[in-house]
Amino acid sequence: VSQRLTELAPSAKLLNATTNRIAKAAQEEFLATLVRHAHGRPSKVFKDVKLKHMAVDPEVFDKVLKHVKSASKLGKGGKFDLDAKRFLEGSGGTPLETRKVMAEIRRMGDIAASDVIQRPSIGDTFIWADSANPFIRFLTQFQTFSIRSLEKKLLKGANRIRNGDVDEAMQ
């Protein structure tokens, strides 16, 4: 019952819409940074340690850069034009290669968005589910967004420090 009431609450709908908008903005900013990087404007987002964090194969990343560069133009002031048709259909490779490159761009953009906004994950659902204490289960079913966000931020920071990405872990 409480789950259904939560889904119907206007505040929950607003929170979900806000979360989705923040994630979309992060993905758009990631794409803009990727286009500028492909055209020779280096970004710390694509340093080796960051690519390792995103589990990106350097060979695949080179294909991504080539694909992005061929489907875009960089103008004055860092503004760019993206030929959406060419971007989605490919730039000379096989359709399978294009799909792989597009999947990699989408995956990297999703990681960038997840780093900006702490979205609920399947792990959150079961984090306290096996507690034997019913009081703990009762209290933690109301786990707030801020607690979940802080927990994920700390875990991501620890993983980044372990991978040598200290500057990003401190943000």
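Modeller: Gladly! Let us begin with a definition: rings of Phe, Tyr and Trp count as a pair if their centres lie within 6.5 Å. Please keep in mind that this is a predicted model.

Colleague: Which residues form the aromatic cluster?

Modeller: Phe30, Phe46 and Phe61 form one cluster. The structure holds two aromatic pairs.

Colleague: Let us turn to charges. What makes Lys24 and Glu28 a salt bridge?

Modeller: The closest N and O atoms of Lys24 and Glu28 are 3.2 Å apart. A salt bridge needs a side-chain nitrogen of Lys or Arg within 4 Å of a carboxyl oxygen of Asp or Glu, so this pair qualifies. Lys24 and Glu28 both lie in helix α2 (residues 10-38), four residues apart, or about one turn of the helix.

Colleague: Why is Lys24 called partly exposed?

Modeller: Buried means under 20% relative accessible area and exposed means over 50%, with partly exposed in between. Lys24 has 45% relative accessibility, so Lys24 counts as partly exposed. Glu28 has a relative accessible area of 39%, so Glu28 is partly exposed too.

Colleague: How many salt bridges does the structure hold?

Modeller: Three. Another one joins Lys85 and Glu89, with the closest N and O atoms 3.5 Å apart. Lys85 and Glu89 are separated by about one helical turn because they sit four residues apart in helix α5 (residues 84-89). Both of these residues are exposed.

Colleague: How do you know that Glu104 and Arg107 form a salt bridge?

Modeller: Their side chains meet at 2.7 Å, N to O. Glu104 and Arg107 are three residues apart in helix α6 (residues 95-116), so about one helical turn separates them.

Colleague: Is Glu104 buried or exposed?

Modeller: Glu104 has 13% relative accessibility, so Glu104 counts as buried. Arg107, at 30%, counts as partly exposed.

Colleague: Which residues have the most contacts inside the largest nonpolar core?

Modeller: They are Leu34, Phe46, Leu51, Phe61, Val68, Ile105 and Met108, in a core of 19 residues. The elements giving two or more residues to this core are α2, α4 (58-70) and α6. Helix α6 gives the most, with five residues.

Colleague: What does Leu34 touch?

Modeller: Leaving out residues up to four places away in sequence, Leu34 touches Phe46, Phe61, Val64, Leu65, Val68 and Ile105. Phe46 and Phe61 also belong to the aromatic cluster we began with.

Key
Residues numbered from 1 in each chain as written. Predicted model: local features only at pLDDT ≥ 70, side-chain atom pairs only at ≥ 80, totals over all residues. Heavy atoms only, no water. Phe/Tyr/Trp six-rings, centres within 6.5 Å; stacked < 30°, edge-to-face > 60°. Buried < 20%, exposed > 50% of the residue type's maximum accessible area, 1.4 Å probe, protein only. Core = buried A, V, L, I, M, F, W, Y, C linked by side-chain atoms within 4.5 Å. Contact = heavy atoms within 4.5 Å.
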